[in-house]
Amino acid sequence: MKKVHLFVFAVCLSLQINAQHSDRELVTKACTNYIEGFYEGDTDKLKTSLQPNLHKFGFWKSKKTKTYGNPIPMTFEGALKFAKNVKEKKNFAKKGSPKKIQILDLLDKIAVVKVTAYWGTDYMHLSKQGNKWMIEQVIWQGPNSK
């Protein structure tokens, strides 16, 4: 009987580890689609990773005044428009631009991720709907140029 309990425990533990591993991969994929969507002007990648009710805003430092302006908002539609503009103007990210994804916390239904890209640093909240991870909220800051 002890062996059966041990076996059941091992199977459950294995399933949990595999589920978390899979969730890590899915969260990473959503964040990769986010970065590449903006880098490549690929609206399809953005649509697969952004919630339609996206709440995104951030801060950019003026090179002239060396100060941050008011928060810059971006909606789901604004993100798609930005990506279309990148593609139309062929204003793609430079080769070797950063694509760093760091999962800070991952639970069953929510995740917090730090993304580093050419535009700066984003902190994102993701939620799991069914078996799909989607970006709900983003707050970002442009690079710290001194």
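Good morning. The structure is a predicted model, in which local features need pLDDT of at least 70 and side-chain atom pairs count only at pLDDT 80 or more, whereas totals for chains, interfaces and linings use all residues. Residues are numbered from 1 along each chain as its sequence is written, and side-chain values use heavy atoms, with hydrogens and water left out.

Let me begin with the overall fold. The protein has 3 helices and 6 strands; helices (H or I, at least four residues) and strands (E, at least two) are DSSP runs, numbered from the N terminus. Along the sequence, their order is α-α-β-β-α-β-β-β-β. Of the 146 residues, 33% are buried. Here, buried means under 20% relative accessible area, exposed means over 50%, and partly exposed lies in between, with a 1.4 Å probe and protein chains only. Among contacts with a separation of 6 or more, 50% join residues 24 or more positions apart, where a contact means heavy atoms within 4.5 Å.

Phe57 belongs to strand E1, residues 50-59, and Ile139 belongs to strand E6, residues 132-141. How far apart are the C-alpha atoms of Phe57 and Ile139? They are separated by 5.2 Å, although the two residues are 82 residues apart along the chain. Leaving aside residues up to four places away in sequence, Phe57 touches Pro71, Ile72, Pro73, Val138, Ile139 and Trp140. Phe57 is partly exposed, at a relative accessible area of 24%, and Ile139 is also partly exposed, at 37%.

Together with Leu104 and Tyr123, Ile139 makes a nonpolar surface patch of about 260 Å². Patches are made of residues with over 30% relative accessible area and no salt bridge, like charges being joined within 9 Å and nonpolar side chains (Val, Leu, Ile, Met, Phe, Trp, Tyr) within 5 Å. A salt bridge is a side-chain nitrogen of Lys or Arg within 4 Å of a carboxyl oxygen of Asp or Glu.

Finally, I turn to two lysines in loops. Lys66, in the loop between E1 and strand E2 (72-74), has a phi near 60°, a positive value in a residue other than glycine. Lys66 is partly exposed, with a relative accessible area of 47%. Lys90 lies between helix H3 (76-89) and strand E3 (100-106), again in a loop, and its phi, near 55°, is positive too. Is Lys90 buried or exposed? At 64% relative accessibility, Lys90 counts as exposed. Thank you.

Key
Areas by Shrake-Rupley, 256 points an atom, 1.4 Å probe, with all protein chains shown as cover.
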